[in-house]
Amino acid sequence: MRALPLAAATLAAAFLLTACSDDDSGKDPGTGASAKAGGACAIGEMGVRVGPANAAPAAGDSGNVPVTITNKSGAKCTLDGLPGMDLIAGGTTASVESDPAAKARKTTLAEGAAISFTLTYVRGEKDGDRSLAVTSADFTLPGSTKTYAFKWSYGDVALKKDGQTPDATVSGFMESGE
């Protein structure tokens, strides 16, 4: 009698995983050449999933937006360094600094393997003069200038005391359990 509930649970899990689709709509069309040669990982050759986020609920609170990339190139590729991240608000683009604790390292990503990084930010006041009204964000992988853009739905981002730098950091790459 136990086999039927286990089979039903397995089928439900498969449907759930299928519903969590990767979004491959980034700006880089990718050719597959770099990964096939074992070179730098390229955005167009990766499956990308942004979130689910732990959004900051109110001004002054911190939030986290995880980004998971999965190598779908057909071969291993290399990440050598840290991801780059920009926040876009209207005609303003603001670069996010790397977390001081982030360590740049060289990582080989096998075909089908996933790795992630996290953007941590402080929520700003809506329409505040010390906030950035972010509408989208984009990131780059080390060794590439191609970007992957995604819609920002996590509220305004506070600015540091200089009034220009977002109060946010991006982590280094972390092994993913996917």
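Visitor: Why does R105 count as partly exposed?

Guide: Let us set the value against the definition. Buried means under 20% relative accessible area, exposed means over 50%, and partly exposed lies in between, with a 1.4 Å probe and protein chains only. R105 has 36% relative accessibility, so R105 counts as partly exposed. Before we go on, please keep in mind that this is a predicted model, where local features need pLDDT of at least 70 and side-chain atom pairs count only at pLDDT 80 or more, while totals for chains, interfaces and linings use all residues. Residues are numbered from 1 along each chain as its sequence is written, and side-chain values use heavy atoms, with hydrogens and water left out.

Visitor: Is E175 buried or exposed?

Guide: E175 has a relative accessible area of 56%, so it is exposed.

Visitor: How many salt bridges does a search of the whole structure find?

Guide: The search finds two. E97 and K160 form a salt bridge too, with the closest N and O atoms 3.0 Å apart. E97 sits in strand 5 (residues 92-98), while K160 is in the loop between strand 11 (157-158) and strand 12 (168-170), 63 residues apart. E97 is partly exposed because its relative accessible area is 39%, and K160 counts as partly exposed because its value is 28%.

Visitor: How do you know that C41 and C77 form a disulfide?

Guide: A disulfide is a pair of cysteine sulfur atoms within 2.5 Å. The S to S distance between C41 and C77 is 2.1 Å, so the pair meets the cut-off. The structure holds one disulfide.

Visitor: Why is the disulfide of C41 and C77 called right-handed?

Guide: The torsion about its S-S bond is about 90°, so the disulfide is right-handed.

Visitor: Why does F150 count as buried?

Guide: F150 has 9% relative accessibility, so it counts as buried. F150 is found in strand 10. Leaving out residues up to four places away in sequence, F150 touches V50, M85, S136, A137 and F139; contact means heavy atoms within 4.5 Å. F150 and S136 are 14 residues apart in sequence, yet 5.7 Å apart in space, C-alpha to C-alpha.

Visitor: What makes strand 9 and strand 10 a pair?

Guide: Two strands pair if DSSP finds at least two bridges between them. Strand 9 and strand 10 (residues 147-151) have five bridges, in the antiparallel sense, so they pair. Together they form a hairpin with six residues between them, and G143 in the turn has a positive phi of about 85°. Strand 9 also pairs with strand 4 (residues 84-89), again antiparallel over five bridges. T140 has T147 as its bridge partner in strand 10, and G84 stands opposite T140.

Visitor: How do you know that strand 9 is mostly covered?

Guide: Four of the five residues of strand 9 (residues 136-140) are buried.

Visitor: Which residues have the most contacts inside the largest nonpolar core?

Guide: They are I69, M85, L87, F139, L141 and W152, in a core of 34 residues. Strand 7 supplies the largest share, four residues. A nonpolar core is a set of buried Ala, Val, Leu, Ile, Met, Phe, Trp, Tyr and Cys residues joined through side-chain atoms within 4.5 Å.

Visitor: Why does T118 count as buried?

Guide: T118 has 18% relative accessibility, so T118 counts as buried. T118 lies in strand 7 (residues 114-122).

Conventions:
Helices (H or I, at least four residues) and strands (E, at least two) are DSSP runs, numbered from the N terminus. A salt bridge is a side-chain nitrogen of Lys or Arg within 4 Å of a carboxyl oxygen of Asp or Glu.
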